[in-house]
Amino acid sequence: MSRRDRPLHPGTAWVHGTAWAALAAVSLAGCGADSDRSLSGLIEIDGSSTVFPISQAMAEEFQIAYRRAVRVSVGVSGTGGGFQRFCNGETEIANASRRINDAEAASCAAHGIEPVELQVAWDGLTVVVHPSNDWVDCVSVTELRRLWTPGSDIVNWRQVRPAWPDEDLRLYGPDTDSGTFDYFTAAVVGEEGASRHDYAASTDDNVLVAGVSGDPGALGYFGYAYFEDNRGHLRALEVDAGGGCVAPTRETILDGTYTPLARPMYIYVRRDALVRPEVNAFVSFYIDHAATLIPEAGYMPLEPEAYATLRARIG
């Protein structure tokens, strides 16, 4: 059974990128034969739970290729939490589902940290409901704004549309440390960080998946990969930004028709860390294997030319 075929059962936290790594090892382990076995050390990564599946997959395969002489630790503290640790010099790499903001950049500068920004993939925020929900297939951006705007008192599906049933509606979404929260509030509500607060919040998307998959009245949002891994326990809604209903798919995310919820994914690397051989080797490996591993993690890779540009930037 492949990683993609293993659903998240309600109440279970399926961790992306670990159980399936051995499957990809057949295709990538050959890299180890030519790897520099003199490399050693620890690379710390933290940040976005959305980017986590990509970086975790890269870490697994890199450690196989380098005979585990280099240990790569990948944490999940949300984009904001990841930048905090990164700018304090506690980690070499930050996973981010949005670009670094001015306050974070200033913190990095104050600590003598120069971030190197690398866009590695595309994602589409996915609005999901419980699979038993049979009354909604498409939701408009206007309706999402009414649901999530600060002070919203919508707690019933009929309050959204009169044709929908008189059923309790409960919301699930990322917490305020999440880059997904920042992006969604900016794109949907119209102001980054502006959101109602009476919803079930978590930095861990697996917790949100478990919540929605166990609640018939739920509506939530998170990264596309977490929907893909749990299709049997969730149903994705189409989104209408004014030009008609569009489903989140690899094609609509890449061609820009899934608007406004398609977004770039990043890693940030400390400039001073890039001169360390093991860090440079890992980031090079990340870029060189992006086209193979990023689709396996449930996201959309960039064009080959874009990765060639990134490779040239890091040396």
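Start by selecting strand S7 (residues 170-174) together with strand S8 (residues 200-202). The two strands run parallel and are joined by 3 bridges. This is a predicted model, so read every contact below as a feature of that prediction.

**Stop 1: between S7 and S8**

Pick Gly173 and look across to S8, where Ala201 stands opposite. Then trace the chain from S7 to S8: the path goes through helix H7 (residues 179-189), and this β-α-β crossover is right-handed.

**Stop 2**

To find one of the paired positions, select Arg170; its bridge partner in S9 is Ala218. Colour S7 by accessibility and the strand shows up as mostly covered, with 4 of its 5 residues buried.

**Stop 3: Arg170 and its salt bridge**

Stay on Arg170 and show its side chain. The side chain of Asp168 meets that of Arg170 in a salt bridge, at 3.9 Å from N to O.

**Stop 4: from helix H7 to a loop**

Go back to helix H7 and select Asp182 with Arg98. These two residues form a salt bridge in which the closest N and O atoms are 2.5 Å apart. Asp182 sits in helix H7, while Arg98 belongs to the loop between strand S3 (93-96) and helix H4 (102-110); the pair links distant parts of the chain, 84 residues apart. Check the accessibility of this pair too: both Asp182 and Arg98 are buried.

**Stop 5: between helices H13 and H11**

Next select Arg311 and Asp288, whose side chains meet in a salt bridge of 2.8 Å, N to O. Arg311 lies in helix H13 (residues 304-314) and Asp288 in helix H11 (residues 277-288), so this pair ties together parts that are 23 residues apart in sequence. Arg311 counts as partly exposed at 29% relative accessibility, and Asp288 counts as partly exposed at 46%.

**Stop 6**

How values were computed
Residues are numbered from 1 along each chain as its sequence is written. This is a predicted model: local features need pLDDT of at least 70, side-chain atom pairs count only at pLDDT 80 or more; totals for chains, interfaces and linings use all residues. Side-chain values use heavy atoms; hydrogens and water are left out. Buried means under 20% relative accessible area, exposed over 50%, partly exposed in between (1.4 Å probe, protein chains only). Two strands pair if DSSP finds at least two bridges between them. A crossover is right-handed if, with the strands pointing away from the viewer, the path from the first strand over the helix to the second runs clockwise. A salt bridge is a side-chain nitrogen of Lys or Arg within 4 Å of a carboxyl oxygen of Asp or Glu.
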